[in-house]
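Me: I would like to learn how to read the features of a model like this one. Where should I begin?

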Amino acid sequence: MKKITYAIILIFTLNSCKGQNDNDVKYKKDTKDVIFYRNEGIKDEDAKSLFAKGLENVDIQNFEKAKQKFIEADKIENNNPIILNGIAQAEARLGNIEKSNQISLNIISIDSTYTATYSNLGQNYLKLKDYKKAKDILVSGLKFTNHCSLETKSILILNLSIAYLNLGDCANALKYSDEVLKISENQQIINSAEKVKKRSEDCR
């Protein structure tokens, strides 16, 4: 079966899922990034400012400079999952997938409920074509999506449906692509889910 290579969405987050709403999310059509601009989860004002500067560099796709700002923020407010997630995703965009994975696994050890990291780590495994690991990590993160925005939840479930499709589990791929179509209001996500659904129906 031909492997699915649809663009999967990265998440740079500034807050945990609790209290999130869809107005916190900006979609960039060119890079397919999702960025939550509220940074209430960073307590130190200097760290918060550095992180915001890092996001400005993400916005213009200067991921090396973004990473530097995130690392500076981490030196001030160490082991904050929000900041570490930014570093992990900058590393991923720079092609350092294994390093991104190491940071992401560390984030989960610090805060096992940090949903964005499960989605991004799952995406990294999909890039490495390790579909079983992708599926396993995304299933682990799925139980923490109840308090997330619908967009964050949709992204994780979309990645999960892609993982199942690449594993040849067409029934689950169809199940989760259907779920994305029910809950997402973002056209980019809907378009991807429709493609996964069609492939899932064709391979049954």
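Reply: Begin with the elements: helices and strands are DSSP runs, numbered from the N terminus. Here the model is a predicted one, and from the N terminus on its elements run β-β-β-α-α-α-α-α-α-α-α-α.

Me: How many helices and strands does the chain have?

Reply: The chain has 9 helices and 3 strands.

Me: What share of the residues counts as buried?

Reply: Buried means under 20% relative accessible area. By that cut-off, 54% of the 204 residues of the chain are buried. The accessible surface of the chain comes to about 9300 Å², and 46% of that area belongs to carbon and sulfur atoms.

Me: How do I read the contacts along the sequence?

Reply: Take contacts between residues at least 6 apart in sequence; in this chain, 59% of them join residues at least 24 apart.

Me: How many aromatic pairs are there, and how is a pair described?

Reply: A pair is described by the distance between ring centres and the angle between planes, where under 30 degrees counts as stacked, over 60 as edge-to-face and the rest as tilted. The structure has 3 aromatic pairs. One of them joins Tyr-118 and Phe-144, 5.8 Å centre to centre with 35° between the planes, and is tilted. This pair links distant parts of the chain: Tyr-118 belongs to helix α5 (residues 115-127), while Phe-144 is in the loop between α6 (131-142) and α7 (150-166), 26 residues apart.

Me: Is Tyr-118 buried or exposed?

Reply: Tyr-118 counts as buried because its relative accessibility is 4%. Phe-144, at 23%, is partly exposed.

Me: How many salt bridges are counted?

Reply: The count is 8 salt bridges. In one of these, the side chains of Glu-64 and Lys-67 meet at 3.8 Å, N to O.

Me: Where do Glu-64 and Lys-67 lie?

Reply: Both are in helix α2 (residues 63-76), and being 3 residues apart, they are separated by about one helical turn. Glu-64 is partly exposed at 35% relative accessibility, whereas Lys-67 is buried at 12%.

Me: Which residues does Asp-136 meet in salt bridges?

Reply: Asp-136 meets Lys-132 at 2.9 Å, N to O, and Lys-135 at 3.1 Å, N to O. Lys-132 and Asp-136 both lie in helix α6, 4 residues apart, about one turn of the helix. Asp-136 counts as partly exposed, at 30% relative accessibility.

Me: Which residues do salt bridges with shared partners join into one network?

Reply: That network is made of Glu-64, Lys-67, Glu-91 and Lys-99.

Terms used. Residues numbered from 1 in each chain as written. Predicted model: local features only at pLDDT ≥ 70, side-chain atom pairs only at ≥ 80, totals over all residues. Heavy atoms only, no water. Phe/Tyr/Trp six-rings, centres within 6.5 Å; stacked < 30°, edge-to-face > 60°. Helix = DSSP H or I, 4+ residues; strand = E, 2+ residues; numbered from the N terminus. Buried < 20%, exposed > 50% of the residue type's maximum accessible area, 1.4 Å probe, protein only. Contact = heavy atoms within 4.5 Å. Areas by Shrake-Rupley, 256 points an atom, 1.4 Å probe, with all protein chains shown as cover. Salt bridge = Lys/Arg side-chain N within 4 Å of Asp/Glu carboxyl O.
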